[in-house]
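Please read it with the sequence and the structure at hand.

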Amino acid sequence: AIVNTERNAIAGTTGDQLFNSAVVLGNLTGSTLTSTGAGNIQFISIIDAKVIGEQYLTVSAADSAMFGNSIGSNKALGYLDVDTNTNLAGGGNIQLNSETVDTNSTAGFSGNQIYRDAVVLGNESDNGSTLTSTGGGNIQFNSTIDAHGTGEQYLVVSAAHNAIFGDNSDTGSIGFNQALGSLKVNANTSGGGNIQLNSATVDTNSTAGQSGNQIYRDAVVLGNTVAHGSTLTSNATGKGDISFAITIDADGTGTQYLTVSAADNALFGNYSETGNIGFNNALAILTVTANTNSTGFGKIRLNSEVVNTNSVLFGPGSNQFFNSAVVLGNTVGSTLTSTGLGSIDFASTIDAAALGTQTLTVNAAEDAIFNGNIGAISPGTALGALTVTAGGKINLNSAIVNTERNAIAGTTGDQLFNSAVVL
C-alpha cells in the first residue's frame, strides 16, 4: 500500500522510483508512492487497477512524476492523485505522456483525477491525452498545463462532475509556455458539474498540424481572482474556433471578464442550448474578436439569448466589445445589457442567420455604438427587429440598417431607437 524512497547524499542514492514494465495495482484499496528529499517517480509502461475502480494511486514526488503510457485503459483506477516538486526545488513537474487516463467511481472511490502541480503533455503516438472520469469524479488541475512543443499535443477532458482548471493559489494558465494543439472539455457527464475556468490565459496553436480549436461543451464558470478574468486565444497565424456550447457566467456578479480572440470563429451557444452569457452572474467585461487569421471566413456567431455585463468591480470601461462581424443565431433573438456603467460596441457588421428570424435588443448603460451595416450583407440577412436603448447616446455609424417581418418566426420588422441618436 505504501512505497517510500529517500535520497541519501552520503550513500549516493537518488530517491528515484522507476517502474520499467506494466503495473497492476493489487492492494485491497490502493497504493501511495512517495519520494522524499529528491527523486523522480517514473512509469515506463501502463498502469491499471486489478479490478475496475477498486484501486487508487497516489504519487508524491520530490522532483518529477513521469507517466510513459496509458493509465486505467484496461481497468480504470478508483482515483488518481499526483503531486510533484514536494522538495520545493522548483525543477519538478508532471510529465503526462499517457494517451488515455481513466478513473471510475463505481466501486465506491471518488473517481477524481487531481494534478497538483504543473503538467506537461508529451504523448507522441497520438499527439495528445484524453482524460475521463466515469460514474463520478472531478478532473482537476491546480497549476499550469502546457504542450511539450508549441501546438504538438492536444488535451481532451471528460469529467463525470466538474472539470477544474486552476485553484485559489495559482491562475492555472493553459498553453502559456507552449500552446496546446487543441483543447476540448466536457463536464457534467453524470450530472451536477460544470467547467470551472480559473485560468488567466488559454492558448491553442494549429501550426503543428492540429485544429487549434478550443471547445467548451458544458456550462463555464469563470473564477480567476488574480487577473479577475480569462483571455482565450487561438493563434492568429493558423486556424481554430473557440466555441462555448452552453452558458458562461462569472463566479460573482461582475467579478470576472472574458476576452476571446479566435483565429476563425467565436461561437456562443449551440442548437440545443441558448448559451446565455452572464445570465446567472453577469460578466465584468466581454471582448470578442474573430477572424484574426484574416481569411475572411471567421465570424462571431452569437446564439445567446441573453448577454449581461455589470460594472460593479471594474467601473468605467465595463463594456461589451464585438470587434468582428456578428451573425445572430438564437431562434428567439438576443438581448444585450450592460448594467451600472459600460457601452455596447459593434465594430463591424451584424446580420441574422436567416431572413427576419433573429431580433436584436441592446440596452447599454452608456453608449450603444454601431460601426458596421446591419442586416445588409444580402437580402437574406435582415434582422427580424432592432431595439436600442442607451444611457448615453446611440452612435449609429451604419450606412444600412435592414429589418424584415417574418410571420413564421413571429418577428415584426420594427426598428426602435429609444435614446438620442448621433449619425
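Which residue in E9 is the bridge partner of Leu-57? The points below begin with that pairing; please note that the model is predicted.

1. The bridge partner of Leu-57 is Leu-80 in E9. This contact belongs to the pairing of E7 with E9, which is in the parallel sense and extends over four bridges.

2. Strand E7, residues 56-60, also pairs with strand E4, residues 30-36; the two run parallel and are joined by five bridges. Within this arrangement, Val-59 of E7 has Leu-33 standing opposite.

3. Burial of E7 deserves a separate remark. Five of the five residues of strand E7 are buried, so the strand is largely enclosed by the rest of the structure. Both faces are covered: one side carries the buried residues Tyr-56, Thr-58 and Ser-60, and the other carries Leu-57 and Val-59, also buried.

4. The salt-bridge count comes to one. The partners are Asp-81 and Arg-116, with 2.8 Å between the closest N and O atoms, a distance to be read against the cut-off of 4 Å. Asp-81 belongs to strand E9 (residues 80-83), whereas Arg-116 lies in the loop between strand E12 (113-115) and strand E13 (119-121), so the pair ties together parts that are 35 residues apart in sequence.

5. Arg-116, at 36%, is partly exposed.

Technical notes
Residues numbered from 1 in each chain as written. Predicted model: local features only at pLDDT ≥ 70, side-chain atom pairs only at ≥ 80, totals over all residues. Heavy atoms only, no water. Salt bridge = Lys/Arg side-chain N within 4 Å of Asp/Glu carboxyl O. Buried < 20%, exposed > 50% of the residue type's maximum accessible area, 1.4 Å probe, protein only. Pairing = 2+ DSSP bridges.
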